[in-house]
Structure formats: C-alpha cells, structure tokens
Amino acid sequence: MKVVLQHITKIFPAKGRNAKDTVAANDLDFEIPDGELIALLGPSGCGKSTALNLISGLLKPTEGRIFFGDDDVTDLPPENRGVGLVFQNYALYPHLSVMDNIIFPLGNLRGKEKMSKPEMRAKAHEIAKLVQIDELMERKPAELSGGQQQRVAIARALVKMPRVLLLDEPLSNLDARLRLQTREEIKRIQRETGITTVFVTHDQDEAMSISDRIIVMKTGIVQQIGKPQEVYDSPANLFVANFLGTPPINVFSARVAGEKLYIGSDAVLNVKGAADQEVTATVRPEGFILDENGPFVCKLGGVEVMGRDISVVSTNENSVNPTIRSIISAESRVDTSSPTVRFSLKPNKVFLFSKQTEERINFGTV
Ligand code: ATP
C-alpha cells in the first residue's frame, strides 16, 4: 500500500501566556512506495512521532491530506485506516497469555470480517510463527524477555494484516545486542509480509541498516529523502552530513579561492566550479589518506588501533570540533614520533556547505 502525505502541517497551539505555537510537522510532502520500509530519522523533538501519528490517525493534520493508495484517509479514525501500531513500551495486557494478546484485535472485527475462535487461534499461530514466538503462546508477558515481548507486540499489530505497519522507536527498551537482533527480525518480517512500514528512530545506525529509504527530519521539516547509502554519500545540507555517520564527520571552517579548497593556508583539494567564498568543509573519517607529502597538515594527537582499522586523532585550528578523527587501514604506518601528520583527501568524501544557508555546494574534481 502506497502512502502519500500531501502538504501535511501539524501545529500544536501555544499553552500559557508567553508560549509559542509548535509547528511539529511543517509541509510534509512525500510518498512512501508500496512495500517499502521507511525510517523517519532525526533528533528528539524533530517531529518523527508526530508524522507517524498523523499517518496512524491518532493526530489530525492542521493542513494537508493523507492517502493510502487512492483512498483519502485524512478524516478516518485510526481503527478504520487499517494500520498496525507498535510503540516503544509494548503495552501488552499483563493478565492475558501471549495467544490472547495476539488474538485481542481480532475480537473487534465485525460483519463479514468476523472470525470464529478457531479461525482466530489459527491466524494467531500463523503470525506467531512468523515472529518466532509460537512456542511461547501460553506464557504471560511477565514471563517473557524484552525482545520476546516486543515480538508479541509486533504480532498483535500484524494479526489484522494491516495496510500499513507503524513502529515508533520499537527497539529503545532493548539492550544493545537484542536491538541488533530484533532490528534484523523486523527487517525479515517486513520482507516476508511486504507490508509498507514506517519506522521511527533517532538512531542513525538503526535507520541506515534497516530501511529501504530514510527521511531525515529537523524541526518538523524534511531535510532529505533517499536510500541510506545515497544520503550518506551525498548529504543535502550540513545538518544531514553531521547527523549520519559514526564516527561523526569532521567539520572545518574553510574557503574556496581559485577553485581550490583551503583549510587555513593548506590548499587541500581542487574544487572545480566552486565559486570563491567562505565555506564549511566536512570530511568523512574514511576520507583521509595518510600521505607524507599530503597538503593537509594536522597536529598529531594519537593513534588508536581498532583491529581492521587505525583511528588517527589529530587537531587543526580550523576544525570546528576539538579533534579530527580519521580512519585508515591498519596496514598503514603512522610515525608517532612526529608532531604532525599529513593527509591528502578523497574528493568523494569531502562535502562543502554554504556558510549562510548550510546547503551543499557542488564541485567537480580535476
Ligand atoms: P522524540 O524522539 O523525543 O520522541 P519526536 O521527533 O518524535 O521526538 P515529536 O514527539 O513529534 O518529536 O514532537 C515534535 C514537537 O511537537 C516537539 O517540539 C514537541 O514538544 C511538540 N509536541 C508533540 N506533541 C505535542 C502535543 N500534544 N502538544 C503540544 N506540543 C506537542
């Protein structure tokens, strides 16, 4: 089921005398293709949950329309939209068994959709198998691990075969290992069912690994939409460049003069077609090449060996952050007795942004 948001805005009116209205969603205008898993990604308060709740029908937009396929669902309540919802806190019924928790939504079906008890049990078993909890059907939620409880919540959301599955930070309550495992599970379940899924997270690793496409948001505004790798490789603005990537991207005050990028007095890269101006230059950690004749000279801070890679920590007075972190192959040798380290830069790992608008400045390399 394709989901379309047309110019959706949600304003929460101010409460209190000096308070201001909150524009939690600002002109959201995008399409989620049928069968895709989309991550809504952004920092706390950027409007991810608001966007999800607008799709679910728990919130009504101030402006704009929402379509599921060709159906305009804007005025439909959540129960008539055909959505499955999973929240961070699983909200299972503690006194009911896993089986009865999963069956629960089927009890509300009416008319020709109404199911007999054996049909419900069969359906619950089918879904429980899919999420791999079919051997726990008689347990109560308190007798399950966090990951198992979350799978019951997903099974309950799936049992009515929703048109759209909506997951709001579903992994936040799980420990690191279980998070990894459960996110793989969610991906598998989504592939197997083919249900269009929206996944809210503030964790960029999670979004990058699980989704077909990510929508990066800030202050209610969509910053960029694309496949995870595309967004990583080609961030539209400084916010997106900063938000994606571990270790984070390195940020410098820099300038373009005569189609060369200068960090301080070092001409670090040819930037064909870029106009002379002050810029913010960013370099991914993997964009540095150790090079004894390299143009970019930094003060060597230290070297951390991390198995496959070496992390070189250095400083430069034009770096916005206190340290520069570069990741290079473990086969490289760093002369730790030297006070400086020299790099050349990989052009496709360097992004320039306007100082004024923070939008990307494109350049070619020669
Ligand atoms: P988090 O990751 O912290 O859950 P989020 O990106 O999901 O954040 P939202 O919960 O969508 O953000 O909130 C977006 C903005 O709207 C925030 O500034 C929040 O304070 C505000 N907001 C959310 N719900 C309401 C409400 N019911 N009334 C007033 N303001 C609200």
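Helix α1 gives the largest share of the shell around the ligand, with three residues. The model is predicted.

**Around the ligand**

- The residues surrounding the ligand are F12, T22, A24, P43, S44, G45, C46, G47, K48, S49 and T50.
- Six of the shell residues are polar, four are nonpolar and one is charged.
- A side-chain N or O atom of S44 sits 2.6 Å from an oxygen atom of the ligand.
- T50 places a polar side-chain atom 2.5 Å from a ligand oxygen.
- G47 uses its backbone: a polar atom there is 3.0 Å from an oxygen atom of the ligand.
- On its own, the ligand has 630 Å² of accessible area, and the protein covers 58% of this.
- Two or more shell residues come from each of β2 (22-32) and α1 (48-56).

**Salt bridges**

- Side chains of opposite charge can pair when their charged atoms come close.
- The structure has 14 salt bridges.
- D75 pairs with R65, with the closest N and O atoms 3.1 Å apart.
- D75 is in the loop between β5 (71-72) and β6 (83-86) and R65 is in strand β4, so their pair ties together parts 10 residues apart in sequence.
- D75 is exposed at 55% relative accessible area, while R65 is partly exposed at 31%.
- R163 and D71 form a salt bridge at 2.9 Å, N to O. This pair links distant parts of the chain, 92 residues apart.
- E185 and R188 also pair, at 3.3 Å. They lie three residues apart in helix α5, so about one helical turn separates them.
- E185 is buried at 13% relative accessibility, whereas R188 is partly exposed at 23%.
- A network of salt bridges links R151, E185, R188 and E192.

Notes: Residues numbered from 1 in each chain as written. Predicted model: local features only at pLDDT ≥ 70, side-chain atom pairs only at ≥ 80, totals over all residues. Heavy atoms only, no water. Near = heavy atom within 4 Å. Polar contact = N/O pair within 3.5 Å; in protein donor to acceptor, adjacent residues only side chain to side chain. Areas by Shrake-Rupley, 256 points an atom, 1.4 Å probe, with all protein chains shown as cover. Helix = DSSP H or I, 4+ residues; strand = E, 2+ residues; numbered from the N terminus. Nonpolar A, V, L, I, M, F, W, Y, C, P; charged D, E, K, R; others polar. Salt bridge = Lys/Arg side-chain N within 4 Å of Asp/Glu carboxyl O. Buried < 20%, exposed > 50% of the residue type's maximum accessible area, 1.4 Å probe, protein only.
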